[in-house]
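Let's take a walk through this model together.

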Amino acid sequence: MELWLVRHGETLWNREGRLLGWTDLPLTAEGEAQARRLKGALPSLPAFSSDLLRARRTAELAGFSPRLAPELREIHFGTLEGAPWETLDPRYKEALLRFQGFHPPGGESLLAFQERVFRFLEGLKAPAVLFTHGGVVRAVLRALGEDRFLPPATVLAVDWPHRVLDALGPR
C-alpha cells in the first residue's frame, strides 16, 4: 500500500541537536517555511498526523486537515529528553545509531515504539499521507531493508510493507 511519510519541519531542538521525543515544541520560522513548501507537492490522499504540534502544524501548512494519531508520535526519550547529542552517554548513542537495544530511562523501548508504529500502519486500509517524526520514518525504512536518517521536512513514499518508492528532500 502506498504511504507518504512526511517528517515534520525544523524545531529549535532539531537545530540544536537535542533529543526530541514527546516534548511538544513548535516549528521554527524555517520549519514553517519548509512545511509551506510542501503544499501542492503531496498527493490528495487521506492524511494522518502525530498529535504533537510540530507534526500537526506541518500538515496544516502543507494544506491538509489530518486525523490525529498518537501512534505516530516519536519515541519517548524519558529522562534523556532534550539531551544534546554530543553529551549523550556513549552507550545510548551507540544504541540509537544501531537503532537496536535502545531503552531510555523512564522512556519507551525501541521495541515498544516500533510495535506501536507498525500496529498503526498495519491497520491502515488505503493509501495515506502521514505527518510524523524522524524515528518513525527510520523505523519504517529499517523494516524495508534500508537505514538512513532523514532531515526535517523530507517526504518519503513507500509501498508498505514492500519497498521505498521515492524520496523528496527539504524544499
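Start with helix α6, which spans residues 134-143. Eight of its 10 residues are buried, so α6 is largely enclosed by the rest of the structure. Here, buried means under 20% relative accessible area, exposed means over 50%, and partly exposed is anything in between, using a 1.4 Å probe and protein chains only. The buried ones are G134, G135, V136, V137, R138, A139, V140 and L141. They pack against β1, α4 (90-98), α5 (110-123), β4, β5 and β6, where contact means heavy atoms within 4.5 Å. As for the labels, helices (H or I, at least four residues) and strands (E, at least two) are DSSP runs, numbered from the N terminus. After α6 comes G145, with a positive phi near 90°.

Before going further, a word on what you're looking at: this is a predicted model, in which local features need pLDDT of at least 70 and side-chain atom pairs count only at pLDDT 80 or more, while totals for chains, interfaces and linings use all residues. Residues are numbered from 1 along each chain as its sequence is written, and side-chain values use heavy atoms, with hydrogens and water left out.

Now for the sheet. It is open, has six strands in the order β3-β2-β4-β1-β5-β6, and its pairing is mixed; two strands pair if DSSP finds at least two bridges between them. At the edges stand β3 (67-68) and β6 (163-168), each with a single partner strand, so one side of each is left without a neighbour in the sheet. Helix α3 (residues 53-61) packs on the sheet, where it touches β1, β2 (47-49), β3 and β4 (128-132). The direction of α3 makes about 135° with that of β4; axes are lines fitted to C-alpha atoms, for helices over the stretch in contact, and angles run from 0 to 180 degrees between N-to-C directions.

What about β1? Five of its six residues are buried, so β1 is largely enclosed by the rest of the structure. Strand β1 (residues 2-7) runs antiparallel to β5 (residues 155-159), and five bridges join the two. W4, for instance, has A157 in β5 as its bridge partner. With β4, β1 runs parallel, again through five bridges, and L5 stands opposite L130 in β4.

An unreviewed UniProt entry carries a "binding site" annotation covering R7, H8, G9, E10, T11, L12, W13, N14 and R54. UniProt positions are given in the numbering used here, feature names are shortened, and annotations may be inferred rather than shown by experiment. From this set, R7, H8, W13, N14 and R54 are in the lining of the largest pocket.

Is T11 buried or exposed? T11 is buried, with a relative accessible area of 0%, and sits in the loop between β1 and α1 (12-16). Not counting residues up to four places away in sequence, T11 touches L20, L25, P26, L27, T28 and R54. N14, in helix α1, is partly exposed at 22% relative accessible area.

The largest share of the lining, three residues, comes from α6. On a 1 Å grid over the protein atoms alone, a pocket is an open set of points where a 1.4 Å probe fits, with protein on both sides within 12 Å along at least five of seven lines; lining residues have an atom within 4 Å of a point.

Finally, some backbone details. Most residues other than glycine have a negative phi, and most peptide bonds are trans. F99, in the loop between α4 and α5, has a positive phi near 60° and is buried at 8% relative accessible area. A153, in the loop between α6 and β5, has a positive phi of about 65°. A cis peptide bond joins W160 and P161, with omega about 5°, and P161 lies in the loop between β5 and β6.
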